[in-house]
Amino acid sequence: MFYKTLNNQVKMPQLGFGVYQTPVDETKQAVLEAIEVGYRSFDTAQAYGNEAGVGQAIQASGLPREEFFITTKIWITNAGYEKAKASIAASLRKLQTDYIDLLLIHQPFGDYYGSYRAMEKAYKAGKVRAIGVSNFSPDRFIDLQHFVDIKPAVNQIETHVFQQQKLAKSYLDKYHCQIESWGPFAEGRNDFFNTPVLKAIGDKYGKSVAQVALRFLLQSDVVLIPKSVRKERMQENFDIFDFALTEEDMQAIAALDQEKSLFFDHQDPETAEFFMNLADK
């Protein structure tokens with residue numbers, strides 16, 4: 001396993017396992033199978049509704065808590081100091097743990113300054129080992145990090161071969177914040193798994209398109225959290241440490257970058273209205 005050292009010296013596995021869209025009743029089994037494969041870093045969120053399944057699996061594994069790196073995120077309906085504070089306590093209960101390894105603000109909307117203050121308090125109390133954000137564009141990230149006491153350690157953003165986040169990463173590097181990818185396979189968009197460049201490179205190494213795509217991110221110093229409920233896919237996604245892409249390979253994949261989201265733009269007014277409508281519910 002490769003690790004990235006965060007700006008507070010906490011070590012984070014560079015490859016983890018995500019449970020976004022994993023059905024609540026399947027989460028425990030999926031995480032247990034991922035643990036069997038070798039994963040020790042797990043990414044969930046309040047909005048996913050499956051924090052409890054992650055906690056149950058870690059308890060059932062019989063392994064010491066310190067072997068795991070658990071990430072969760074504060075949802076927009078819990079934004080603001082008091083709500084965020086209460087939601088952190090609820091997440092700790094659901095995860096059946098005394099501390100969260102990485103706690104993120106899930107979306108850059110609502111009173112995320114209040115949420116961040118609650119996260120800072122939890123950090124200082126030892127309930128959280130590292131704090132950060134998710135889906136923050138460079139402008140919002142720079143603004144936030146300028147005014148907080150504990151600088152964000154991670155920004156989890158859409159990152160894959162078609163949206164490589166080169167500009168965002170340059171600013172995150174400048175401010176010593178680790179980039180983390182959600183959607184490393186772009187959820188199959190752009191006919192992802194039939195991308196000729198990735199297939200040709202994979203053929204050279206006897207690797208799949210998915211493995212080449214993950215290896216590219218790995219060598220780009222990105223933390224990644226692919227997801228699957230199929231154990232054979234979990235294993236495939238984990239087997240990316242026994243080969244390396246050449247500089248020529250990396251340049252060929254870098255050329256796939258379209259420099260735009262395949263999902264939604266957080267700076268788009270309609271996107272902002274969508275999330276604010278969620279916050280009002």
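Is E187 buried, partly exposed or exposed?

What you have here is a predicted model, where local features need pLDDT of at least 70, side-chain atom pairs count only at pLDDT 80 or more, and totals for chains, interfaces and linings use all residues. Residues are numbered from 1 along each chain as its sequence is written, and side-chain values use heavy atoms, with hydrogens and water left out.

Okay, overall shape. The protein has 11 helices and 10 strands; those are DSSP runs numbered from the N terminus, with helices being H or I of at least four residues and strands E of at least two. The C-alpha atoms fill a box of roughly 55 × 45 × 35 Å along the principal axes.

Of the 281 residues, 55% count as buried. Buried means under 20% relative accessible area, exposed means over 50%, and partly exposed is in between, using a 1.4 Å probe and protein chains only.

So, back to E187: at 43% relative accessibility, it counts as partly exposed. E187 sits in the loop between β9 (178–182) and α7 (196–205), and its phi is positive, about 50°, although it is not a glycine. Q21 is another non-glycine with a positive phi, near 65°. You'll find Q21 in the loop between β3 and α1, and it is exposed because its relative accessible area is 53%.

Now for H106. UniProt, in an unreviewed entry, puts a "binding site" feature there. A caution: UniProt positions are in the numbering used here, feature names are shortened, and annotations may be inferred rather than shown by experiment. H106 is in the loop between β6 (102–105) and α4 (112–124), yet it counts as buried because its relative accessibility is 7%. Leaving aside residues up to four places away in sequence, H106 touches A45, A47, Y48, K73, I74, W75, S134 and N135. A contact here means heavy atoms within 4.5 Å.

Last stop, helix α9, residues 231–238. M234, E236, N237 and F238 are buried there, and the buried residues of α9 pack against β3 (17–18), α1 (24–37) and α8 (209–219).
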